[in-house]
Amino acid sequence: MYKFLARRLLSTIPVLAIVAVLVFLMLRLTPGDPAAILAGDAANTEQIARIREGLGLDRPLPVQFAIWAKSILSGDLGESFYFKMKVTSLIGQRLEATLSLATLTIIFAVFTAVPLGVLAAWRFGGWFDRILMGFSVMGFSVPVFVLAYILIWIVSLKLGWLPVQGYKPIAEGFGPFIRHLILPAITLSVIYIALIARVTRASVLEALGEDYIRTARAKGLPESRVLIRHALTNAAVPIVTVIGIGIALLIGGVVVTESVYAIPGLGRLTVDAVLARDFPTIQGVILFFSVIYVMINLLVDLSYVFFDPRIRY
Amino acid sequence: MAFSRKLAAFAAFATLAAAGVALAQEKVLRIVPHSNLAILDPIWTTAYMSRNHGYMIYDTLFGTDEKNQIKPQMVEEWTASPDKRLWTFKLRKGLEFHDGKAVTSEDVVASIARWGKRDAMGTALMTFVDRMDTPAPDTFRIFLREACGFLLEALGKPSSNVLFIMPKRVADTDAFKQIDDYTGSGPYIFKRDEFKPGDKAVYLRNAKYVPRKEGPSGSAGGKNVYVDRVEWNLALRDAQAQANALVNGEVDVLEAPAFESVEGLKKAANVQILNPAPAGLQYMARFNHLHKPFDNPAVRRAALAAFSQEPFLKAQVGLKEYYRPCASMFTCGTPYGSPAGSDIQSKSNMKKAQELLKSSGYDGTPVLIMKPTDLASIQKLPDVAAQLLRQAGFKVDLQAMDWQTLVGRRSKKDAPDKGGWHMFLTAWQAHDIWNPIANAALDARGEKSGWFGWASDDKLNDLRAQFMRETDDAKKKQLAEAVQARAFEIGTHAPLGEYVQPVAARKNISGFFTTNGNLYWNLKKN
Amino acid sequence: MATDSAAEALSTESAAVVRQDSAMQRLRRNWSVRIGGVVLLALVFIALAAPLLGTVDPTLFDAGSRDLTPGQSGEITTLDGDSIKHTFIMGSDSFGRDIYSRVLYGTRVSLMVGAFSAVVALVFGILLGLLSGYLRWLDGPLMRVMDGVMAIPAILIAIALVAMWRASLLSVIIAIAIPEIPRVTRLVRSLVLTIREEPYVEAAISLGTPAWKIMLFHILPNTVAPLLVQGTYICAAGILVEAILSFLGVGLPPDIPTWGNIMAEGRVQFVTFPHNVLFPGIFLALTVLAVNILGDGLRDTLDPKMARRS
């Protein structure tokens with residue numbers, strides 16, 4: 001098991017290295033001059049050249065990459081061109097908001113979608129199943145921001161139940177923290193629920209067709225035990241897999257949700273950094289997201305051991 | 001008996017305590033500025049956000065009041081020698097930086113030097129300055145090589161770059177590097193540890209600030225602060241979300257509500273729409289004088305003739321009460337805002353434009369217009385420009401890009417099909433363009449250092465230089481008119497009309513005064 | 001008598017030939033395919049016939065006709081300078097452009113973006129998957145690079161690519177396709193690996209059949225079904241991603257109307273003039289829904305193994 005863990009961790013290193021190279025190249029090889037942007041409206045070409053020198057953008061590409069790579073390995077993601085802060089500080093400031101939103105979304109999505117999916121599989125072919133599948137396809141089809149605007153209009157403006165925008169850190173009280181996160185989490189979770197519900201349903205359906213389910217029922221076990229203890233645990237592997245893969249979808253949704261609800265998180269940071277050609281921040285944030293994604297999928301792989309004793313590392 | 005007396009006492013105590021709590025509660029003013037605050041050095045960049053940040057925490061030597069007169073701010077009194085070549089200034093008493101040190105003339109001279117390396121008017125001024133000295137801690141002197149007509153206007157200029165006074169140790173920073181010490185002497189103190197870029201900026205009331213006795217007017221007058229804390233909400237970028245937040249009471253002031261939201265906001269309870277900056281802003285279209293077809297003044301004049309201002313204003317602003325055409329390259333309503341020489345644009349029609357284009361020898365080169373996709377305040381202008389040019393007979397290539405790419409691209413002098421451009425459109429605040437020196441579009445020194453577009457005309461340069469040296473007001477007006485007439489003749493750029501940007505605020509915020517920027521002292525939260 | 005006919009019925013001579021349903025027949029009978037297919041055909045028709053369906057040039061605007069509610073009429077100035085009267089069936093936006101025309105012309109772009117990004121992703125995915133499955137030495141490094149690309153959130157790649165490059169149809173299509181390529185590559189690669197072990201392929205190899213012939217005649221035909229299904233999902237995702245890019249301000253330039261940028265421009269007025277967002281939103285949702293349903297139907301009929309798995 002530990003050998004597996006070590007091997008897996010080691011194999012993530014080349015992947016992350018490739019991510020670093022890809023991101024670096026993507027930024028440097030495309031047009032757009034950060035120096036001109038920073039110099040401002042009334043600057044002339046000479047002033048822009050001086051600024052470019054100050055940012056180190058006039059050195060050859062391999063040298064720039066080597067400098068950046070070296071600093072990453074010592075934990076320093078560089079300094080933002082735009083904000084005059086260390087990228088690690090910027091990420092640190094925005095991390096709480098995105099983390100809170102993502103966690104709340106995942107919890108809400110999993111605890112909604114899994115039971116729905118189990119129910120749909122249990123009543124396969126019935127009206128509940130059809131409605132759920134219908135909703136789930138619709139969940140994939142509506143753009144996140146349209147859903148957000150409709151929700152805000154109904155819940156915040158017409159009914160006045162929840163605030164329109166903003167984020168309150170948990171340090172300022174749990175109540176306001178939750179109140180500001182409810183709508184964004186619901187908006188973000190819709191597509192996640194759609195995905196998880198489908199996979200849960202299919203996976204549980206497959207498990208329900210197995211012999212051991214017939215045995216359990218024949219033994220006289222209550223249906224709830226059959227469903228949860230036997231069917232669900234055996235169906236868990238694909239469900240957990242899709243939860244891990246769905247993180248990628250989540251990140252996409254986070255960018256839009258943070259924009260609409262004015263949550264100062266990492267998604268917004270990335271968009272702003274891209275628009276400002278703030279290379280160090282873009283590189284740093286994308287690298288950060290990739291590391292998170294890789295780690296989560298590693299956790300997912302490890303969790304298989306709990307759900308399926310047949311899987312041994 | 002005793003019981004009810006105790007009850008009464010308790011009730012009285014409770015009310016007093018509640019009142020005490022209310023009194024002790026902080027007054028926080030929550031403002032949503034028009035953009036993100038990224039650069040905290042208002043000398044390093046001309047961005048209006050950085051300038052507004054500067055106005056919060058720094059003070060200026062002079063200010064410009066609502067009648068566009070220069071009024072002293074940090075300066076107590078000043079004298080000029082009869083030949084106007086030696087100016088002596090004395091500072092007010094009680095001026096202190098946020099770290100408790102007094103503001104001295106050395107700080108002032110260092111600040112002027114740094115500002116004079118970056119600002120357009122400042123660099124022009126420095127060509128006249130022989131030297132500056134500090135005979136006493138509260139006195140500084142400026143020695144000029146020859147008399148110049150705009151010394152005070154430069155020192156008191158209200159808009160980018162503003163001459164903010166910083167401590168000497170900060171002002172000694174290289175003018176091409178950003179500062180990282182934000183000590184100032186202004187009415188607010190920057191709470192640096194609470195600053196989160198893209199999230200919020202926090203300013204605390206400077207209890208030690210000594211305001212002038214006069215009422216506030218523009219960037220001059222007394223800067224009294226009646227709130228304890230000001231928070232700039234930098235996270236709220238979506239126009240729809242901004243309007244919703246104001247209506248819901250989650251923020252107090254919207255610096256620049258989208259025009260599309262204004263009608264809806266007017267109807268909302270507890271929201272007021274104000275117009276604290278009536279001088280407004282002016283739209284303009286800038287030609288690239290280096291490449292075909294706009295290297296030919298006749299083609300530029302044809303475009304000028306096609307650019308009637310109404311369509312631009314109707315499309316971008318839409319609400320009649322907030323825009324007006326203005327046949328001047330300087331702001332209408334200011335001393336130099338006359339229509340001299342503007343007939344080519346203001347008294348034209350599409351037929352005339354078509355004729356002018358035909359007779360100019362235009363060879364069909366498509367005009368590359370850069371359109372920003374993420375700046376709601378100006379993003380409709382290029383579409384109108386494209387449509388009008390097409391009607392006049394031009395071929396147009398409308399290219400969309402985000403503002404940052406645009407800013408990067410417009411500094412390139414290459415041919416448009418090799419990464420350059422033919423035209424871009426933008427907006428300037430009134431005070432950035434209202435005289436021939438500040439107005440960057442009238443700098444006609446060509447490729448050397450002129451503003452983007454690189455207009456080149458010796459006659460225009462000559463007239464501008466004369467204006468700089470002139471000290472008599474009547475003659476200055478004449479020269480300004482001559483400058484403008486020449487500019488229209490050679491087609492430096494096309495002024496596209498003026499508009500005012502209203503401010504939206506909750507009804508319980510009072511104390512708005514006529515400003516020439518976004519100034520946040522004097523506001524009360526009731 | 002009865003036994004005679006019974007015996008007749010049982011005789012091999014008179015045995016009726018029972019036809020197995022072909023794939024096409026199964027497809028046609030599946031409800032999902034029917035519904036999704038019909039809706040898509042209708043949309044393709046709208047896209048092709050847009051100029052004939054009572055529309056005007058979608059880039060024309062007249063500031064005097066801005067913000068009209070659906071059903072009102074106003075004026076539009078053409079390029080020659082004439083003014084025409086026009087009824088704005090779906091209202092007008094803040095420029096004064098006809099939303100009905102923009103939505104109909106937008107169908108073209110949105111369908112093209114979806115279809116072409118799927119095609120690009122599939123083509124490159126097939127190529128890379130074949131190479132990876134066939135050339136052992138290439139497999140390891142190529143899969144690592146694919147892992148790298150998959151680790152970067154797709155939307156961030158798309159935003160960065162489009163913002164850095166020029167915002168054009170080509171850059172948007174490529175930016176949407178790139179993050180989808182790894183999944184297609186994996187799919188094709190796993191198919192290649194399984195089919196390679198099949199005896200008939202071993203036989204073909206030993207007969208001296210060149211590699212490209214094996215790929216073309218043995219491997220590719222087996223990939224058609226799952227790739228078709230995958231393609232529909234990429235198409236649906238592509239249309240949604242384009243909308244998100246427009247929303248964030250890094251999408252196609254507004255004079256190419258897409259549902260995404262009609263909504264992006266109109267969102268400031270959502271509370272006062274919701275028609276700006278609702279009409280293109282409905283079309284968008286319908287299209288993506290239809291494509292998704294079609295994909296589900298295809299998967300159910302063509303590849304039952306995949307069907308059970310998801």
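# A selection tour of chains A, B and C

Start with P293(B), in the loop between β13 (281-287) and α9 (297-306) of chain B. Helices here are DSSP runs of H or I with at least four residues, strands are runs of E with at least two, and both are numbered from the N terminus. Show the backbone from K292(B) to P293(B): the peptide bond is cis, with omega near -10°. Most peptide bonds are trans, and most residues other than glycine have a negative phi.

Before moving on, note that this is a predicted model, in which local features need pLDDT of at least 70, side-chain atom pairs count only at pLDDT 80 or more, and totals for chains, interfaces and linings use all residues. Residues are numbered from 1 along each chain as its sequence is written, while chains are lettered from A and ligands numbered from 1 in the order in which they are written.

**Stop 1: two positive phi values**

Select A262(A), in the loop between α10 and α11 of chain A. Its phi is positive, about 55°, although A262(A) is not a glycine. Buried or exposed? A262(A) is buried, with 28 other C-beta atoms within 10 Å. The cut-offs, with C-beta atoms placed from the backbone: 20 or more other C-beta atoms within 10 Å of a residue's own is buried, 12 or fewer is exposed, and in between is partly exposed.

Jump to D67(C), in the loop between α3 (31-49) and β1 (73-77) of chain C. This residue, also not a glycine, has a positive phi near 60°. D67(C) is buried, with 21 other C-beta atoms within 10 Å.

**Stop 2: chain A as a whole**

Color chain A by secondary structure. Chain A has 12 helices and zero strands. Its C-alpha atoms fill a box of roughly 85 × 55 × 35 Å along the principal axes. Of its 313 residues, 46% count as buried. Among chain A contacts (C-beta atoms, placed from the backbone, within 7 Å) between residues at least 6 apart in sequence, 71% join residues at least 24 apart.

**Stop 3: α6 against α8**

Two packed helices are described by the angle between their axes and the distance between the axes. Here the angle is about 135°, and the axes are 8 Å apart. That makes α6(A) oblique to α8(A). Axes are lines fitted to C-alpha atoms, for helices over the stretch in contact, and angles run from 0 to 180 degrees between N-to-C directions. Angles under 35 degrees are roughly parallel, over 145 roughly antiparallel, 65 to 115 roughly perpendicular, and the rest oblique.

From α6(A), the contact uses L132(A), S136(A), G139(A) and F140(A). From α8(A), the contact uses V190(A), I191(A), I193(A), A194(A), A197(A) and R198(A).

**Stop 4: where chain A meets its neighbors**

Bring in chain C. In this interface, 42 residues of chain A are in contact with 38 residues of chain C. Elements giving two or more residues to the chain A side include α1 (2-28), α6 (127-141) and α8 (174-208). Which element of chain A gives the largest share? α1(A) does, with eight residues.

Now 37 residues of chain A are in contact with 32 residues of chain B. Here α3(A) gives the most to the chain A side, with five residues.

**Stop 5: the largest nonpolar core**

Select I196(A), A385(B), A158(C), I159(C) and V162(C). Of the 322 residues in the largest nonpolar core, these touch the most other members. Such a core is a set of buried Ala, Val, Leu, Ile, Met, Phe, Trp, Tyr and Cys residues joined through C-beta atoms within 7 Å. α10(A) gives the most to this core, with 19 residues.

Zoom in on I196(A). Leaving out residues up to four places away in sequence, I196(A) touches A109(A), V110(A), A113(A), V114(A), G117(A), I239(A), V242(A), I243(A) and G246(A).

**Stop 6: back to chain B**

Finish with F513(B), in the loop between β20 (509-510) and β21 (524-525) of chain B. F513(B) is partly exposed, with 15 other C-beta atoms within 10 Å. Beyond residues up to four places away in sequence, F513(B) touches P216(B), S217(B), P276(B) and N522(B).

Note on methods: Contact = placed C-beta atoms within 7 Å.
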